[in-house]
Amino acid sequence: MQGIVVVDKPRDWTSQDVTARLRRVFGTRRIGHGGTLDPMATGVLPVFVGRATRAVEFFEHAEKTYEAVLRLGVATDTEDITGSVLEEKEVSVTEEALLQVLSRFRGEIMQIPPMYSALKVDGRKLCDLARKGQTVERKPRPITVFELEMLSFDGMEANLRVRCSKGTYIRTLCKDIGEALGCGGCMAALRRVQAGEYTISEAVPLQELLDTGEPQKYLRSVDSVFRSFPKVPLTAKQEQRCRNGNSFSVALAEGTYRAYGADGEFLALCRVENGVMSTVKSFFEV
């Protein structure tokens, strides 16, 4: 079996826990996921099965959309409610003040990764150092917050919707917003509602997937990863050249395309430049 299953990850499961279980469900070790979710987070986790794992590299840079709960007045060592409380402060934040602060976190910003993360410094995972009580200097990294919207606010907790680039830590964003408001803050809940092309409405609850006797019915074709790119059917001659890894002339505008064979098989993700189509990555069966 091969393809992509969009899992609605439950709370308290790691992304690796999910892929480990699905290796047994689909009967293959060739499985990978499209972007780590923290154990406390829920939501969209695309899992790539079989030859579809060849598409993971393109998914790593996909935009993500989250709905998060920011709890004001509480700072923790993990930057979310699962951690130890470092400080508590009174909260007297108005909706207007919150909206003004949110505007400072849109666009290209610099973010310091949290100590409780899998990033490595000098070959050591930050989370391993943090569990030993150690703190090391982390360099700020550029991220992009394309959208940051307040969905609701009751004076203590704000429900936020965030669309952001790869590498964004939502709990760090919550911490930074809390600090900018002067009262501190941490992430109280997180749900990923979109990852790349896949939305939460397409996701299957993990338990449903584990209970089914027909896991293959949940598999999406690998070309669904690239469905934002135009679909192009190739002639027999073009298809042969594509299968041989050769480029060929086309009457198409410059850009990225999904190339298909005469029988409808998805052959490759291709790029057209100066009227010549060449393969970026092939996906046909050899």
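Predicted model: local features only at pLDDT ≥ 70, side-chain atom pairs only at ≥ 80, totals over all residues.
Let me begin with the open spaces. The largest pocket holds about 1200 Å³ of space, and of the 39 residues that line this pocket, T36, L37, D38, A118 and Y169 are the closest to its centre. Several elements give two or more residues to that lining, namely the helices α1 (15-26), α2 (56-59), α4 (126-131) and α5 (170-181), together with the strands β4 (64-72) and β12 (185-195). If you sort the lining by class, you find 15 nonpolar, 13 polar and 11 charged residues.

The second largest pocket has a volume of about 340 Å³, and among its 24 lining residues those nearest the centre are T76, D77, E79, L86 and K175. Here the elements that supply two or more residues are β5 (74-76), β6 (85-88) and α5, and the lining divides into eight nonpolar, eight polar and eight charged residues.

The largest nonpolar core has 45 residues, and the ones with the most contacts inside it are V5, L22, L98, L148, L160, I170 and I177. Taking L148 as an example, and setting aside residues up to four places away in sequence, we see that it touches L102, F105, R106, L160, R161, V162, L173 and I177. Apart from this core lies another one, of 19 residues, including I4, A195, Y260 and F283.

Helix α3, which spans residues 95-102, has L98, V101 and L102 as its buried residues. Why do these residues line one face of the helix? Seen down the axis of α3, they fall within an arc of 100°, so one face is what they line. On the other side of α3, E96 and Q100 are exposed, while the buried residues pack against β10 (141-153), β11 (157-164) and α5.

Finally, I would like to look at R141, which is found in strand β10. Leaving aside neighbours within four places in sequence, R141 is in contact with I109, M110, Q111, P113, L119, G167 and Y169. As for M110, it stands 31 residues from R141 along the chain, yet the C-alpha atoms of the two are separated by 5.3 Å.

Key: Residues numbered from 1 in each chain as written. Heavy atoms only, no water. 1 Å grid on protein atoms, 1.4 Å probe; cavity = no way out; pocket = protein on both sides within 12 Å on 5 of 7 lines; lining within 4 Å. Points joined across faces, edges and corners; volume = space filled by probe spheres on them. Helix = DSSP H or I, 4+ residues; strand = E, 2+ residues; numbered from the N terminus. Nonpolar A, V, L, I, M, F, W, Y, C, P; charged D, E, K, R; others polar. Core = buried A, V, L, I, M, F, W, Y, C linked by side-chain atoms within 4.5 Å. Buried < 20%, exposed > 50% of the residue type's maximum accessible area, 1.4 Å probe, protein only. Contact = heavy atoms within 4.5 Å. Arc of directions from axis to C-beta.
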